[in-house]
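Please look at the sequence and the structure shown below.

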Amino acid sequence: MTASLFFSCVVNFLLGGVLGAMGGLFGIGGGLIAIPVLGYLYGMDQQLAQGTALVMIVPNVVIAFWRYKQRNRIEWSAAAMMCGPAVVATYFSARLATVMDARKLHFCFALFMGLLALYYLWTLLRGKREMQTSLRLGRRYIPLVGLSAGASAGFFSVGGAIVAVPLLTAFFGATQTAAQGLGLAMVTPGTLVALWTYAHAGHVDWTVGIPMALGGVLSISWGVALAHHLPERRLRVLFCGALLLLSLWMMIAG
């Protein structure tokens with residue numbers, strides 16, 4: 001390994017560590033922030049940035065699912081009803097993302113990031129809702145959650161669980177814990193499908209993605225631990241504001 005390649009690996013490892021810690025600290029943000037960062041630092045187009053970010057996202061999702069499964073019960077029948085549609089939607093939306101104009105995808109991602117920031121800012125400012133225990137919609141509609149979340153995960157490389165959790169709590173009366181478990185069970189195979197689809201289309205830089213993934217895996221737990229010692233609500237509000245500014249910057253500069 002040459003000195004320049006070694007230095008590049010170290011830089012990417014440290015970058016992944018920072019992004020992984022952010023993901024653990026804020027609950028969202030590791031993969032979401034990685035995509036514009038890769039575009040800015042490495043001049044990657046939108047597809048390459050999303051595909052490379054998936055290399056970091058996949059192990060984090062798998063580890064999060066494994067840890068959640070150890071401590072919580074997952075309703076596997078509901079997860080299976082979402083997982084199939086999610087995988088199909090992820091594949092086709094990822095195929096669409098890999099062939100569309102990079103500038104259009106860039107704008108769509110910036111818009112998605114801005115809307116997501118507004119949603120989380122709204123939920124934080126209005127406070128927690130009282131948990132619902134009864135389903136508002138019948139279980140036969142749960143596959144639609146998988147379709148929606150899978151489409152987001154494939155098209156933007158991120159957002160599968162972010163989309164699924166509020167849908168499950170708002171329309172199906174699931175508790176936050178149950179919704180997170182179902183979201184992770186659904187997103188894990190879909191994320192692998194998304195990575196394969198982007199890699200098959202040649203939109204993954206493994207030399208950047210693998211060191212970032214290693215750094216993220218080692219640091220995400222630090223971010224989670226730090227979140228328990230800091231004013232998390234205020235940090236999340238500031239983080240949502242930063243996402244909004246980043247979204248506007250991407251729209252203007254893109």
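**Reading helix packing and contacts**

Q: In which hand do helices α4 and α8 cross?

A: The crossing of α4 and α8 is right-handed. A crossing is left-handed if the near helix is turned anticlockwise from the far one by less than a right angle, and right-handed if clockwise. Helices here are DSSP runs of H or I with at least four residues, numbered from the N terminus. By class, the contact of α4 with α8 has 18 nonpolar, four polar and one charged residues. In this scheme Ala, Val, Leu, Ile, Met, Phe, Trp, Tyr, Cys and Pro count as nonpolar, Asp, Glu, Lys and Arg as charged, and the others, Gly among them, as polar.

Q: What kind of model is this, and how are residues numbered?

A: The model is predicted, so local features need pLDDT of at least 70 and side-chain atom pairs count only at pLDDT 80 or more, while totals for chains, interfaces and linings use all residues. Residues are numbered from 1 along each chain as its sequence is written, and side-chain values use heavy atoms, with hydrogens and water left out.

Q: At what angle do α4 and α8 pack, and how far apart are their axes?

A: Two packed helices are described by the angle between their axes and the distance between the axes. Axes are lines fitted to C-alpha atoms, for helices over the stretch in contact, and angles run from 0 to 180 degrees between N-to-C directions. Helix α4 (residues 76-99) and helix α8 (residues 176-200) pack at about 25 degrees, their axes 8 Å apart. The two are therefore roughly parallel to each other; the term applies to angles under 35 degrees, with over 145 counting as roughly antiparallel, 65 to 115 as roughly perpendicular and the rest as oblique.

Q: How does α7 pack against α8?

A: Helix α7 (residues 160-171) makes an angle of about 140 degrees with α8, and the axes are 8 Å apart. That makes α7 oblique to α8. This crossing is right-handed, and its contact has eight nonpolar, five polar and no charged residues.

Q: Is Thr90 buried or exposed, and which residues does Thr90 touch?

A: Buried means under 20% relative accessible area, exposed over 50%, and partly exposed in between, with a 1.4 Å probe and protein chains only. Thr90, which is found in α4, is buried, with a relative accessible area of 1%. Contact means heavy atoms within 4.5 Å. Not counting residues up to four places away in sequence, Thr90 touches Gly150, Ala151, Ala153, Gly154, Gly190, Val193 and Ala194.

Q: Is His200 buried or exposed?

A: His200, in helix α8, counts as exposed at 64% relative accessibility.

Q: How many salt bridges does a search of the whole structure find?

A: A salt bridge is a side-chain nitrogen of Lys or Arg within 4 Å of a carboxyl oxygen of Asp or Glu. The search finds one. Glu75 forms a salt bridge with Arg139, and the closest N and O atoms are 2.5 Å apart. Glu75 lies in the loop between α3 (46-71) and α4, and Arg139 in the loop between α5 (102-126) and α6 (142-156), so the pair ties together parts that are 64 residues apart in sequence. Glu75 is partly exposed, at 35% relative accessible area, and Arg139 is partly exposed at 31%.
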